[in-house]
Protein chains: 2
Amino acid sequence: MKDHEYMELAVAMAQKAEWHSWKNPRVGAVIVKGSTILAVGYHQQYGDIHAEIAAYQQVPDKQQLIGATLYVTLEPCAHTGKQPSCATQMSTWGLKRVVVGQIDPNPLVTNQGVKRLRAAGIQVDIWPLPVSETINPAFHYFYKYQLPYVTVKVAQSLNGKISGVIGESTKITSAMVDEDSHTLRAYQQAIIIGSTTALVDQPNLTVRHVSTQHQPLRVIIDRRGRLKNTSEATRKNTLIITENPEFAKQAAHIEYLDVVTPHKVLQLLGQRGIQATLVEGGSELQAAFITDNAYQEIIIYQAMTVLPKTGLSSFGTTKSLNTLGIISNVNVIDNTLKITLKGVQE
Amino acid sequence: MKDHEYMELAVAMAQKAEWHSWKNPRVGAVIVKGSTILAVGYHQQYGDIHAEIAAYQQVPDKQQLIGATLYVTLEPCAHTGKQPSCATQMSTWGLKRVVVGQIDPNPLVTNQGVKRLRAAGIQVDIWPLPVSETINPAFHYFYKYQLPYVTVKVAQSLNGKISGVIGESTKITSAMVDEDSHTLRAYQQAIIIGSTTALVDQPNLTVRHVSTQHQPLRVIIDRRGRLKNTSEATRKNTLIITENPEFAKQAAHIEYLDVVTPHKVLQLLGQRGIQATLVEGGSELQAAFITDNAYQEIIIYQAMTVLPKTGLSSFGTTKSLNTLGIISNVNVIDNTLKITLKGVQE
């Protein structure tokens, strides 16, 4: 096996974390001696041990590590918390070489991990492709722009309707598709909806059907303050963003902005450390994000059924003459298409 | 190699004909002696020699055929036209065995080809799967029901609009997608549109961008006779179907039906030997075919752009609470999705 095959294995290990690493990047590691794979590991859960240590723990005889090579998808951490950093620990194992998938974009780590390993006499090679960014797009986007990575999620019929009757909620997708969309939620730290969706659907926005230790923050955009005197105004794990100064005084979780725009909402969420957010609806809120080019991805669940032509159209009054994105993936789940578009903007 | 591998090769040969066999089925043949493939062939063009003969011509020394096995995706023909039938010719080659992909549904041939071969002392095995039906769905459907195989073709935006402004034609797809949809046309013997589409778009409905020797019949459904006194009423290679008896008297290519329904239109086309037809538009004509369950396939070209929500919705007033079909294929062409649905009805 060659370097790229070991790195591919490390990537496959990283992906095993699925959504469980949450705000932490998904990271995988492989330890190789000669042509023998001594161990593999990954960062299994937010707060748990890192991938390098997980792999290390799998090596029964630590003497074997002397002269070994460790492949890891992301630069080992260098900041000391309750435990010494991974780079510091790795410096004592006798490794000959470390192949790093990508430099950590977190300024607390950037180049520090590599520096510490090299200071310990270990050969460090940096992989030429953005290995970790492919696995952790939101994590890398957040540290590059200090803004959350935005995914717009749409569930529509074959004829582009999100509801059969305007003002009512229509069930479009099946239980199997719901599970997939809850998995999508599990990757987020926040879910944004508009006030009409909050009033009509009263969604919990919680992750269900799949297990998680973290629930995303509910974010409701309510410019005028329509949720005043509703239960939303006192609800837990909720952030309401409004242009209504009186409403904003009502509770600590109601945030005032003089003008609410998608970009200002994202700045606010970025300041709160939100790396990944989903814009779930309604269609006019999504239209605002798309028109302002304030999104990185659009995921469309499209059922093969037809809703009345008088129903509510998806994408509202989106103003864009261009393609909304490049098709990066198409899956079929229970006879529903899942279309993933990557936005073309920077 | 085993029987199924030779049959797969014969299927691959058959598919090389693409749309050029037109009303004839696409057929492939492979001749094998021991473990040597002596020759392959396929029915290249409507009116040309059949697959078995094409393969035969590729064998330089006809002595090699003695004791050979011939795999063919469809039963060899038994009716004599200008040439003796394939089965008759094959009886003289010295073949030991013929493996037939599927019995020919054309009543002129059904079981006759097999009978003739067996009468010549050749072992004939019938393949247990509907090999030819997979390659030639319209051919088999036509001979089973005496009705054309109907494909509904829709070009829509991501939000289910077929036109940005009602009453106007909007270009939705790119040149590369157009080429694909002209390929789809090339497989048809007729293309059906409604009178509004005829008046607004005045489409030629010809096959362009790809080469063909056969142009499909233009079929216009014009119940009221709105095309009276238009150039459509005198146009070549056109069939107009109307409920207006006065209009029907105007020209030979205008056909009167007391009540025009999708099923009656299809019966009429079936009587004229149309095996495959495309319902191209408008959305209300397509809605009528779908609501009446008068279709076998729906092909949707879906661009990743958004048209105004006030535009014309795809699928019109289709009345169906169920899924319109099972997703059988999804392709990406020039960032446009091509979704193929197979109808679930008999």
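Tutor: Helix 6 of chain B is followed by B:Gln146, whose phi is positive, near 55°. Most residues other than glycine have a negative phi, and most peptide bonds are trans. The model is predicted, so local features need pLDDT of at least 70 and side-chain atom pairs count only at pLDDT 80 or more, while totals for chains, interfaces and linings use all residues. Residues are numbered from 1 along each chain as its sequence is written, chains are lettered from A and ligands numbered from 1 in the order in which they are written, and side-chain values use heavy atoms, with hydrogens and water left out.

Helix 6 of chain B spans residues 137-145; helices (H or I, at least four residues) and strands (E, at least two) are DSSP runs, numbered from the N terminus. Within this helix, B:Ala138, B:Phe139, B:His140, B:Tyr141 and B:Phe142 are buried, a term that means under 20% relative accessible area, with exposed over 50% and partly exposed in between (1.4 Å probe, protein chains only). The buried residues of the helix pack against helix 5 (131-135), strand 6 (149-156), helix 10 (262-271) and strand 12 (276-281) of chain B, where contact means heavy atoms within 4.5 Å.

Two tyrosines of the helix deserve attention. B:Tyr141 and B:Tyr145 are four residues apart, about one turn of the helix. Their rings form a tilted aromatic pair, 4.6 Å centre to centre with 45° between the planes. Rings of Phe, Tyr and Trp (its six-membered ring) pair if their centres lie within 6.5 Å; planes under 30 degrees apart count as stacked, over 60 as edge-to-face and the rest as tilted. B:Tyr141 is counted as buried because its relative accessible area is 14%, whereas B:Tyr145, at 29%, is partly exposed. A search of the whole structure finds 16 aromatic pairs over all chains. In chain A, ring pairs link A:Phe139, A:Phe142 and A:Tyr143 into a cluster.

A cis peptide bond with omega of about 0° joins B:Gly281 and B:Gly282, and B:Gly282 lies in the loop between strand 12 and helix 11 (283-291) of chain B. In chain A, a cis peptide bond joins A:Gly281 and A:Gly282, also with omega of about 0°.

Positive phi values occur in chain A too. A:Phe315 has a phi near 70° and is found in the loop between strand 14 (312-313) and strand 15 of chain A; its relative accessibility is 0%, so A:Phe315 counts as buried. For A:Asn111, phi is near 70°, and this residue is partly exposed, with a relative accessible area of 40%.

Finally, the chain pair. The contact takes 33 residues from chain A and 33 residues from chain B. Together the two chains bury about 2,400 Å², 64% of it on carbon and sulfur atoms; buried area is the accessible area (1.4 Å probe) that two parts lose on being put together, summed over both. Two salt bridges are found across this interface, the criterion being a side-chain nitrogen of Lys or Arg within 4 Å of a carboxyl oxygen of Asp or Glu. The side chains of A:Glu284 and B:Lys309 meet in a salt bridge, at 3.2 Å from N to O.
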